[in-house]
Amino acid sequence: MPEPQSPPADDNGGAIAATGAGGGMDLATSEGGTLEQRPPGPGGGSGGGAGGDSTGRPRSLWSDAWRDLRRNPVFVLSALVIVFLVVISIRPSLITTGNPLSCDLARAQDGSRPGHPFGFNGQGCDVYTRTVHGARTSVVVGVLASLGVAVVGSFLGGLAGFFGGFWDAILSRITDIFFGIPVVLGGLVLLSVVTSSTVWPVIGFMVLLGWPQISRIARGSVITVKQNDFVQAARALGASNPRLMLRHILPNAIAPVIVVATIALGTFIALEATLSYLGVGLKPPTVSWGIDISDASPYIRNSPHMLLWPAGALAITVLAFIMLGDAVRDALDPKLR
């Protein structure tokens, strides 16, 4: 009777035991030991690496986006400009002590002089002081209009994309109607009957005509996300519609809305200046770059400084927000990684 043979050793130092079916069963434990003793990744954790953080957990889209944004010089430069604008909007006295409504007709259209680097406008007001104080109006209008558009558009578009059917069809037709209204023409018609000199009528007009674009973006994003397996699994486990929207769909569908709203912020600032230039937006005594540009346009040949400084400030502000939106879009787009 042949003696039983000892199981052969494999390359890893383990043994292959014969089974009743004529096959072999790997008895080596070296592979398991290797997995447990894997050296730490570059981040210092056992699972750190290209797809994890220092604790070994996988990085999220937001952490990856923030890491990319910090390394993007376009984002850093535009963020510094925006931070400066926000600071002087809150505390303009940090860089100027003048009163934007204090004017002296004896200095009308005068050029630069000590203490007044930008010269004076047609009413004898300090252009530098009015340019600094005009940042507050532009930032307030842009931020509040973008927030209003993002909230209204995301809410309506999210509901339409989540429920679909009749409500989706109704919303689509309503957005088509609003897309057919020219923005400037709509502003001339709607704001021409407003006598208030505050920013609220202008903000309300921008929200009224600006939400359809965000609504379309939110609708498409929600439709894409709700088809994912994790949403279907949560639905199968009994999750309610509000929980599905708030816990599973919203965090994964909000990125495109943030990108579009950030870019639209600069557009809203330019739109406010355009409407104020046409005389239907903000009205004196409100200090606005659009109002100053409108007042300076007849004197552009004799006193170009009256137009160049507020127009330059407006252009830099709009460009900063558009560059910020482009950087955020590139960071939040997984296809660009």
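In the predicted model, the side chains of R216 and D176 form a salt bridge with an N-to-O distance of 2.4 Å (a salt bridge being a side-chain nitrogen of Lys or Arg within 4 Å of a carboxyl oxygen of Asp or Glu). This pair links distant parts of the chain, with R216 in helix α7 (residues 200-226) and D176 in helix α5 (residues 165-179), 40 residues apart. Helices (H or I, at least four residues) and strands (E, at least two) are DSSP runs, numbered from the N terminus. R216 is partly exposed at a relative accessible area of 35%, and D176 is likewise partly exposed at 35%. Here buried denotes under 20% relative accessible area, exposed over 50%, and partly exposed the range in between (1.4 Å probe, protein chains only).

This is a predicted model, in which local features need pLDDT of at least 70 and side-chain atom pairs count only at pLDDT 80 or more, whereas totals for chains, interfaces and linings use all residues. Residues are numbered from 1 along each chain as its sequence is written, and side-chain values use heavy atoms, with hydrogens and water left out.

The whole structure contains eight salt bridges. One of them joins D326 to R329, with the closest N and O atoms 3.7 Å apart. D326 and R329 are separated by about one helical turn, because they lie three residues apart in helix α12 (residues 305-332). Relative accessibility is 26% for D326, which counts as partly exposed, and 40% for R329, also partly exposed. Salt bridges with shared partners connect R173, D176 and R216 into one network. A further salt bridge pairs D68 with R67, where the closest N and O atoms are 3.8 Å apart. D68 is partly exposed, at 27% relative accessible area, as is R67, at 24%.

The secondary structure of the protein chain consists of 12 helices and two strands. Along the sequence, their order is β-β-α-α-α-α-α-α-α-α-α-α-α-α. The protein chain has 337 residues, of which 38% count as buried. Contacts were defined by heavy atoms within 4.5 Å. Among contacts in the protein chain between residues at least 6 apart in sequence, 62% join residues at least 24 apart. The protein chain exposes about 19,000 Å², with 64% of this area supplied by carbon and sulfur atoms. Accessible areas come from the Shrake-Rupley method with a 1.4 Å probe, and for residues only the protein chains shown count as cover.

Two packed helices are described by the angle between their axes and the distance between the axes. Axes are lines fitted to C-alpha atoms, for helices over the stretch in contact, and angles run from 0 to 180 degrees between N-to-C directions. Angles under 35 degrees count as roughly parallel, over 145 as roughly antiparallel, 65 to 115 as roughly perpendicular and the rest as oblique. A crossing is left-handed if the near helix is turned anticlockwise from the far one by less than a right angle, and right-handed if clockwise.

Helices α3 and α12 pack at an angle of about 135°, their axes being 8 Å apart; α3 and α12 are therefore oblique to each other. The crossing of α3 past α12 is left-handed. On the α3 side, V74, F75, S78, V81, I82 and L85 meet I316, T317, A320, F321, M323, L324 and A327 in α12. For α4 and helix α9 (residues 241-253), the axes come within 12 Å and cross at roughly 115°. α4 and α9 are therefore roughly perpendicular to each other, and their crossing is right-handed. In this pair, G158, F162 and F163 of α4 meet N241, L244, M245 and I249 of α9.

Helix α12 also holds A311, a partly exposed residue with a relative accessible area of 27%. The C-alpha atoms of A311 and I293 are separated by 6.6 Å, the two residues being 18 residues apart along the chain.

Two backbone features occur in loops. The peptide bond from P284 to P285 is cis, with omega near 10°, and P285 is found in the loop between α10 (255-277) and α11 (289-296). Q109 has a phi near 65°, a positive value in a residue other than glycine. Q109 lies in the loop between α3 (73-90) and α4 (127-163) and is partly exposed, with a relative accessible area of 30%.
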